[in-house]
Amino acid sequence: MKKYLIELIGTFLLTFVVALTGNPVAIGATLAAMIYMGGYISGGHFNPAVSLAVLISRRISGRDFIGYII
């Protein structure tokens, strides 16, 4: 459950920064900070495309993939 919460917070903050600023430096800094803070718990898949790529490479289960997407 903790990894899904980390993914939710990270995706929210990343989307929030993109919507408010659109500044590539701010987006990159936010993504780097979120991966640094929560990547060891969830893997840092703050983008569904990344989760799909990891699912295809069979590094996460289908159940985790659905949880990350939701």
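Modeller: Points are joined across faces, edges and corners, and a volume is the space filled by probe spheres set on them. This is a predicted model, where local features need pLDDT of at least 70 and side-chain atom pairs 80 or more, while totals for chains, interfaces and linings use all residues. Residues are numbered from 1 along each chain, and side-chain values use heavy atoms, without hydrogens and water.

Colleague: What volume does the largest pocket have?

Modeller: About 220 Å³.

Colleague: How many residues line it, and which lie nearest its centre?

Modeller: The lining has 14 residues (an atom within 4 Å of a point). Leu8, Gly67, Tyr68, Ile69 and Ile70 lie nearest the centre. Helix 1 (2–20), helix 3 (48–56) and helix 4 (62–69) each give two or more residues. Helices are DSSP runs of H or I, at least four residues, numbered from the N terminus.

Colleague: Which helix gives the most?

Modeller: Helix 1, with 5 residues. Leu8 lies in that helix.

Colleague: Is Leu8 buried or exposed?

Modeller: Leu8 is exposed, because its relative accessible area is 54% (exposed is over 50%, buried under 20%, partly exposed in between, with a 1.4 Å probe and protein chains only).

Colleague: New topic. Where does Ala32 lie?

Modeller: In helix 2, residues 24–42. Ala32 is partly exposed, at 45%. Ala32 and Gly44 are 12 residues apart in sequence and 9.6 Å apart in space, C-alpha to C-alpha.

Definitions and conventions:
On a 1 Å grid over the protein atoms alone, a cavity is a set of points where a 1.4 Å probe fits but cannot get out, and a pocket is an open set with protein on both sides within 12 Å along at least five of seven lines; lining residues have an atom within 4 Å of a point.
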